[in-house]
Amino acid sequence: MRSEQDDCTGCSLTGTLRQMPTCREITELVTDFLEGRMGFADRLRFRMHVGMCMHCRGYLRQMRATVATLGRLPDEPLPDAIHNELVVRFRNWSRT
Ligand SMILES: [Zn+2]
C-alpha cells in the first residue's frame with residue numbers, strides 16, 4: 001500500500017496507463033504545452049493527465065494566468081537592464 005501519492009488521481013493512474021506522464025513530467029512539459037511545442041500524442045497524454053489530476057489542472061491554470069499577466073512565459077531570465085536596475089535600487093535602498 002503506497003500512500004504518498006494517494007492525493008493525486010493522475011499519479012495513481014499512471015501505473016495503470018503506462019503512457020501517462022507523471023505529475024513531475026507535467027510540470028516540466030507545461031511550457032511546451034502552452035507554447036504548442038508538443039506532438040499530438042504528447043498533447044493527448046498531457047490533456048488526459050490534466051483532465052484527471054486536479055493538482056496539475058490547478059498548476060496549468062496558474063501557468064496560464066501567469067502567461068496572460070506577463071505576456072510571456074516566466075522561465076526566461078530577467079533582461080539585463082531590469083536586473084541591473086533592481087540591483088542599483090537595492091544598493092541605494094540598503095545604504096539609506
Ligand atoms: Zn498530476
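This is a predicted model: local features need pLDDT of at least 70, side-chain atom pairs count only at pLDDT 80 or more; totals for chains, interfaces and linings use all residues.
Let me start with a pair of helices: the axes of H2 and helix H3, residues 40-52, come within 11 Å and cross at roughly 125°, where axes are lines fitted to C-alpha atoms, for helices over the stretch in contact, and angles run from 0 to 180 degrees between N-to-C directions. Residues are numbered from 1 along each chain as its sequence is written.

With that angle, H2 and H3 are therefore oblique to each other; angles under 35 degrees count as roughly parallel, over 145 as roughly antiparallel, 65 to 115 as roughly perpendicular and the rest as oblique. H2 passes H3 in a left-handed crossing, meaning that the near helix is turned anticlockwise from the far one by less than a right angle, with clockwise giving a right-handed one.

Which residues in H2 and H3 meet? Ile26, Leu29 and Phe33 in H2 meet Arg43, Phe46, His49 and Val50 in H3, contact being defined by C-beta atoms, placed from the backbone, that lie within 7 Å. The residues of this contact of H2 with H3 comprise 5 nonpolar, 1 polar and 1 charged, if Ala, Val, Leu, Ile, Met, Phe, Trp, Tyr, Cys and Pro count as nonpolar, Asp, Glu, Lys and Arg as charged, and the others, Gly among them, as polar.

Now to the partner H4. The axes of H2 and helix H4, residues 54-70, come within 10 Å and cross at roughly 30°, so H2 and H4 are roughly parallel to each other, and their crossing is right-handed. On the H2 side, Cys23, Ile26, Thr27, Val30 and Leu34 meet His55, Cys56, Tyr59, Leu60, Met63, Arg64 and Val67 in H4. That contact of H2 with H4 divides into 9 nonpolar, 2 polar and 1 charged residues.

As for H2 itself, its 12 residues, 23-34, should span 16 Å at 1.5 Å a residue, and the end C-alpha atoms are 16 Å apart, which agrees; the expected span is 1.5 Å times one less than the number of residues. Just after H2, Gly36 takes a positive phi of about 70°.

Finally, the whole protein: there are 5 helices and 0 strands, as DSSP runs numbered from the N terminus (H or I, at least four residues, for helices; E, at least two, for strands). Among contacts between residues at least 6 apart in sequence, 56% join residues at least 24 apart.

How values were computed: Two residues are in contact if their C-beta atoms, placed from the backbone, lie within 7 Å.
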